[in-house]
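Subject: Structure handover

Hello,

Here is the structure I said I would pass on. My notes on helix packing and sheets follow below it.

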Amino acid sequence: MTAILGTTYSILSTIIMNRIHQKLREDKKLLSIYFTAGYPSLNDTVKIIQDLENNGVDMIEIGLPFSDPLADGPTIQASSTQALKNGMTTSLLFQQLKDIRKSVSIPLILMGYFNPVLQYGVEEFCKKCQEIGIDGLILPDLPLDVYQEDYEAIFKKYGLVNVFLITPQTSDARIREIDEASDGFIYMVSSASVTGSQDGFGNSQETYFGRIAEMNLKNPQVVGFGISNSETFQQATKQAKGAIIGSAFIKFLTQNGVPKIVDFVKGIRK
Amino acid sequence: MNYNVDEKGYYGEFGGAFIPEMLYPNVENLRRQYLKIMAEPSFKKEFDQLLKDYVGRPSPLYFAKRLSEKYNTKVYLKREDLNHTGAHKVNNTIGQILMAKRLGKTRIIAETGAGQHGVATATVCALMGMECIVYMGEIDIARQAPNVARMKMLGAEVRPALSGSKTLKDATNEAIRDWINNPVDTHYIIGSAIGPHPYPDMVTRFQSIISEEIKWQLKEKEGRENPDYVVACIGGGSNAAGTFYHFLHEKEVGIIAVEAAGLGVDSGESAATSVLGKMGIIHGCKTLLMQTPDGQITEPYSISAGLDYPGVGPMHAHLYKTGRAEFIAITDDEAMQAGMELSKLEGIIPAIESSHAFAILETRKFRPEDVVVFNLSGRGDKDLDTYIKYFKL
Ligand SMILES: Cc1ncc(COP(=O)(O)O)c(C=O)c1O
């Protein structure tokens with residue numbers, strides 16, 4: 001199977017539609033949830049994914065914990081530190097996820113920093129993702145030019161959608177370039193901040209959301225950073241296709257534990 | 001072989017800018033502008049003037065007679081310890097504050113380990129009337145108390161980095177997060193030859209005044225511009241980059257980089273990146289760094305806060321990989337003894353970082369006619385507490 005994919009991936013990838021593409025076609029606003037693998041407990045990963053899907057979440061970002069998460073605020077930093085203390089590693093995460101497609105059908109995206117992927121071996125990593133049924137990757141510190149030069153062919157060979165970020169400071173020209181390079185959705189960072197830094201959206205976000213909507217990008221946008229409740233979820237998805245909740249979900253897990261996930265999702269979708 | 005940065009921001013396979021998109025506009029703007037700005041006559045004039053009148057440059061190149069006699073070779077010390085604020089760090093902060101002004105920035109952030117870079121940044125911010133926030137690991141705040149007080153006197157706000165190992169690496173993470181949160185008005189003055197391109201090259205160029213001066217000073221003293229060896233300690237690598245810069249392509253000059261072995265390279269408590277590190281990404285840069293097989297960055301250890309960094313600047317990674325530089329690792333004990341020896345023999349109390357460089361004289365043999373220039377990157381005032389505890393003074 002891999003051998004065939006290796007040689008004719010470009011044809012096949014247009015035939016086999018990635019779960020992300022299918023999901024983006026659905027006529028609804030998408031709720032996506034980020035959590036850190038290995039947190040609160042090492043073996044919560046599969047249970048969290050199943051519970052999120054069973055409660056109507058559309059897409060999941062599984063965070064690969066990193067020792068030095070530059071773009072993350074205190075909440076995700078703390079969950080990453082704890083996950084690493086619990087013993088999470090890249091291999092272990094793959095091990096935990098190996099049968100995930102027997103029970104879960106929504107898109108799964110791995111999100112993390114580039115160094116652990118580099119150490120695992122980029123091609124090996126992508127191959128493993130494909131075997132498991134991972135649909136995409138978000139690696140915030142893998143820049144566009146390096147991706148295009150060194151890794152795009154590998155990602156595509158294994159059917160992985162790579163998701164790029166834009167921010168309110170990203171120029172229109174750069175957004176166009178990113179739109180051109182993307183094949184899935186664009187991760188719209190809501191404001192100039194690390195994760196978990198703010199509550200509520202003001203005028204500047206409204207302007208930014210409007211500006212992006214008017215650009216008529218070929219890829220739909222999913223908003224992330226600063227979404228914490230049903231109000232911010234609705235604001236974020238007025239124009240965008242969906243929104244991602246991270247820090248608020250992790251805080252919830254810390255306070256309420258995995259069995260209460262149903263309440264969290266209900267709170268957002270109310 | 002080219003040892004300078006290439007047009008894409010790499011030294012061989014090391015370097016680049018592995019940054020999240022949030023940092024892209026600032027880093028890209030800096031990349032586009034830094035060489036142009038540095039080449040402006042008004043920039044050069046202001047930079048040179050401040051280095052002369054404010055920093056006190058040129059720093060002397062001093063022939064260390066008693067040290068030379070003891071080790072039977074010609075030892076010269078480049079006296080960066082005599083700079084205003086007591087270390088080489090100020091060469092870079094003067095350059096970067098002028099850069100920040102020309103980029104229209106009004107708020108400055110920095111990370112610091114030993115506090116030397118923090119003090120040098122707070123100093124230039126006071127000089128230019130700019131807001132200054134310095135991130136410093138909680139552990140370093142405790143072990144470098146005098147520098148914390150200095151920064152406060154200079155009007156800077158010192159914010160403790162509470163995450164991870166609570167030292168330099170974590171202070172750098174916090175500074176980067178601050179920059180993500182404040183992309184419009186803020187310039188990040190990185191304190192070493194690390195970080196995403198163009199930082200390693202920009203910092204190296206500002207520090208290259210060290211080797212520029214060594215050349216003409218040595219010509220005056222020895223009748224030749226090139227020594228047989230230049231030696232410097234390496235934390236992130238800024239004083240070393242400045243010391244090596246004008247000799248990189250002079251084949252007859254041996255380059256020696258000295259890393260902190262901590263309690264010993266194999267002890268598990270070390271910061272000897274060239275030995276213990278593997279290619280990876282730290283703080284936006286592809287370089288050698290200490291990490292687990294899984295790619296988690298590990299906690300380094302050195303008695304000197306300024307060398308307590310798990311990576312090394314990409315230029316040095318390249319010098320190591322190509323064999324252009326010889327790398328030597330010096331333990332805490334060796335460095336402390338060397339610090340005491342320099343004090344006793346030459347009347348100079350060095351920073352413990354710099355002591356690592358002199359310590360190689362015990363084991364690395366030089367010929368009697370060799371001219372060996374050591375960069376004395378900083379003075380030991382900030383380390384008195386550590387010296388007192390170590391030697392029970
Ligand atoms: C006196 C002194 N020397 C050396 C260093 C190490 O830094 P670098 O390798 O960038 O020169 C420091 C860092 O704080 C320092 O204070």
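The crossing of H5(A) and H7(A) is left-handed, a term used where the near helix is turned anticlockwise from the far one by less than a right angle, and right-handed if clockwise. Helices (H or I, at least four residues) and strands (E, at least two) are DSSP runs, numbered from the N terminus. This is a predicted model, in which local features need pLDDT of at least 70 and side-chain atom pairs count only at pLDDT 80 or more, while totals for chains, interfaces and linings use all residues. Residues are numbered from 1 along each chain as its sequence is written, chains are lettered from A and ligands numbered from 1 in the order in which they are written, and side-chain values use heavy atoms, with hydrogens and water left out.

Helix pair in chain A

The axes of helix H5 (residues 90–97) of chain A and helix H7 (residues 122–132) of chain A come within 10 Å, crossing at roughly 15°. H5(A) is therefore roughly parallel to H7(A). Axes are lines fitted to C-alpha atoms, for helices over the stretch in contact, and angles run from 0 to 180 degrees between N-to-C directions; those under 35 degrees count as roughly parallel, over 145 as roughly antiparallel, 65 to 115 as roughly perpendicular and the rest as oblique. From H5(A), A:Thr90, A:Phe94 and A:Leu97 meet A:Phe125, A:Lys128, A:Cys129 and A:Ile132 of H7(A), contact meaning heavy atoms within 4.5 Å. By class, the contact of H5(A) with H7(A) has 5 nonpolar, 1 polar and 1 charged residues (Ala, Val, Leu, Ile, Met, Phe, Trp, Tyr, Cys and Pro count as nonpolar, Asp, Glu, Lys and Arg as charged, and the others, Gly among them, as polar).

Chain A overall

Chain A has 13 helices and 9 strands. Its radius of gyration is 17 Å, close to the 18 Å that the globule rule gives for 270 residues, so chain A is as compact as a globular protein of that length. That radius is taken over C-alpha atoms, and the globule rule is 2.2 Å times the number of residues to the power 0.38. Along the principal axes, the C-alpha atoms of chain A fill a box of roughly 50 × 45 × 35 Å.

Sheets in chain B

An open sheet of 6 strands in chain B runs in the order E3-E4-E14-E9-E10-E13, with mixed pairing (two strands pair if DSSP finds at least two bridges between them). Its edge strands are E3 (61–63) and E13 (325–331) of chain B, and the twist averages 25° from one strand to the next. E10 (residues 254–262) of chain B and E13(B) pair in the parallel sense over 7 bridges, with B:Ala257 opposite B:Phe327 in E13(B). Helix H14 (residues 332–346) of chain B packs on this sheet, its direction making about 95° with that of E13(B).

The order E7-E6-E5-E8 belongs to an open sheet of 4 strands in chain B, with parallel pairing. Strands E7 (157–161) and E8 (186–188) of chain B are its edges.

Helix pair in chain B

Helix H1 (residues 24–39) and helix H2 (residues 41–55) of chain B pack at an angle of about 70°, their axes 5 Å apart. H1(B) is therefore roughly perpendicular to H2(B). B:Ile37, B:Met38 and B:Ala39 of H1(B) make the contact with B:Pro41, B:Phe43 and B:Lys44 of H2(B).

Regards
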